[in-house]
Amino acid sequence: MVRLAHVSDVHLFCPEARWVPEDLLSRRVTGWLNMTLMRRGRKFQDAAEILRILVDDVYSRRPDAVIFSGDATSLGFREEFALTAELLRINEPDCLPTLAVPGNHDYYTRSTAQQGLFEHYFARGLEGERVDGATYPFARRVGPLWLIGLNSCTGNDWFWDATGEVGPEQLDRFKRLVARPHIAAAPKVLVTHFPIGLANGKPEKPWHKLRDLKAVLRAAHEAGIALWLHGHRHRPYYLPATPRTLIPSICSGSGTQKKCWTYNEYTFDGELWRVERRQFEPQQRRFATVQRYVAELNGLAAPLRG
Ligand SMILES: [Fe+2]
Ligand SMILES: [Fe+2]
C-alpha cells in the first residue's frame, strides 16, 4: 500500500521580485500586467496563504511521497521559486520525499530556463535514477511503483505561447530509462506538466499544448506507463484511456487558484488506484475531501467507478 499527494499549479507571485533590464523586453511585462491589473492576479491573490494551509494538510496526512507537477511560479522569478520551495518545505531536513517537474511558468523566459532556477530550488525533488547524467527524465521508486519525472517545458518568447515540448533527445533517454529491467518490470506512473487532453477528451488548444504530444504518448504507451499525472489545466479531472489518449490521466488542478484550490491524494494497493480529492473550504480555512473515485490503470486492474 502506498499513498501519494499530488499538488500542482500553485503559481506564487512576488510583486517585489527584482527585474533586470532584459525583462523589460520580455513576456514578463505582459505577465506582470496580467497579474497586477487583470483578473489573473485576483485568482491567485491568496496563493501563499492557501499553499501554507494545503501543505499543513498534506503533512498531517503523512503520505509516503509528494508529487509536484509544475507551475510553482507566476513569472519564473527567483523570489517566487524561493517562496514556493519554502512553503512546500522541499528543502527542510524532515521533508516528505518529493518528486517535482517544472511547469511552463517556471521556464517563463528563455533565460529563466537556461539559469536552471527551478532545478536549483527544487533539487531535492529531482533526485532519482537518470540516463547519461542528464537532469531529465529521472525515475524514483516509491513502494511498488516507479514514478518517472519528464520535463515537458521550454522557455518561450511570445506572451501568448504556453506550449511545451519534451524533445527527441529527452524522449530517447526516457525510452532507455524505462527499459531498465527493474523499472520495466514494475508499475510505472509518468509525472509531467502537460496533459494528454482536455477534461472533455479533446486536444489542448494550439497555444497551450504539448507540441510533441504524439511522440511522447506513443513512447509512454510502448513503455507500459500505467497512468499519466499532470497539471497545466487548473480544474481537476480524470481522463480514462481511449483509442486517442491511450493512457489514463489525472489532472490534480491548481492547489491555490480561487475556487479551484484543490489537490489529490492517491492510494495504490498493488491493484487499484484510489483517488481522494481534497479542496479548500474558504469558510473553515481548511481542506476537506470532496470526491472519491477509482482510476483505471493501463496493464493493471480493471476500473471500478464510484
Ligand atoms: Fe498553471
Ligand atoms: Fe502550465
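Residues are numbered from 1 along each chain as its sequence is written, while chains are lettered from A and ligands numbered from 1 in the order in which they are written.

Within H7, which comprises residues 168-178, the buried residues are Gln170, Arg173, Phe174, Leu177 and Val178. They lie on the same side of the helix because they cover an arc of only 120° around the axis, the arc being that of the directions from the helix axis to the C-beta atoms. What covers these buried residues includes strands S5 (138-142), S6 and S7 together with helices H8 (181-184) and H9 (213-222).

## The sheet around strand S6

Seven strands make up an open sheet of mixed pairing, in the order S4-S5-S6-S7-S8-S10-S9, where two strands pair if DSSP finds at least two bridges between them. At the edges are S4 (129-130) and S9 (237-239), each of which pairs on one side only.

Strand S6 is largely enclosed by the rest of the structure, because five of its five residues are buried. Leu145, Leu147 and Gly149 point one way from S6, and Trp146 and Ile148 point the other way. S5 and S6 run antiparallel and are joined by five bridges, and they form a hairpin with two residues between them, in whose turn Gly143 has a positive phi of about 60°. By contrast, S6 (residues 145-149) pairs with S7 (residues 188-191) in the parallel sense over four bridges. Trp146 stands opposite Lys188 in S7, and Arg141 stands opposite Trp146; the bridge partner of Ile148 in S7 is Leu190.

## Nonpolar cores

A nonpolar core is a set of buried Ala, Val, Leu, Ile, Met, Phe, Trp, Tyr and Cys residues joined through C-beta atoms within 7 Å. The largest one has 74 residues, and those with the most contacts inside it are Ile67, Leu147, Leu190, Val191 and Leu227. Helix H3 (residues 47-60) contributes the largest share of this core, six residues. A second, separate core of seven residues includes Phe77, Tyr107, Tyr108 and Cys153.

## Asp71

Asp71 lies in the loop between strand S2 (65-68) and helix H4 (78-87), and this residue is buried, with 26 other C-beta atoms within 10 Å. Leaving aside neighbours within four places in sequence, the contacts of Asp71 include Asp9, His11, His105, Asp106 and His193, a contact meaning that the two C-beta atoms, placed from the backbone, lie within 7 Å.

## Confidence

The chain averages a pLDDT of 93, and 98% of the residues score at least 70; pLDDT is the predictor's confidence in each residue, from 0 to 100. Over residues 301-306, however, pLDDT stays under 50. Where pLDDT is low, the predicted coordinates should not be read in detail.

Key:
This is a predicted model: local features need pLDDT of at least 70, side-chain atom pairs count only at pLDDT 80 or more; totals for chains, interfaces and linings use all residues. A residue is buried if 20 or more other C-beta atoms lie within 10 Å of its own, exposed if 12 or fewer, and partly exposed in between; C-beta atoms are placed from the backbone.
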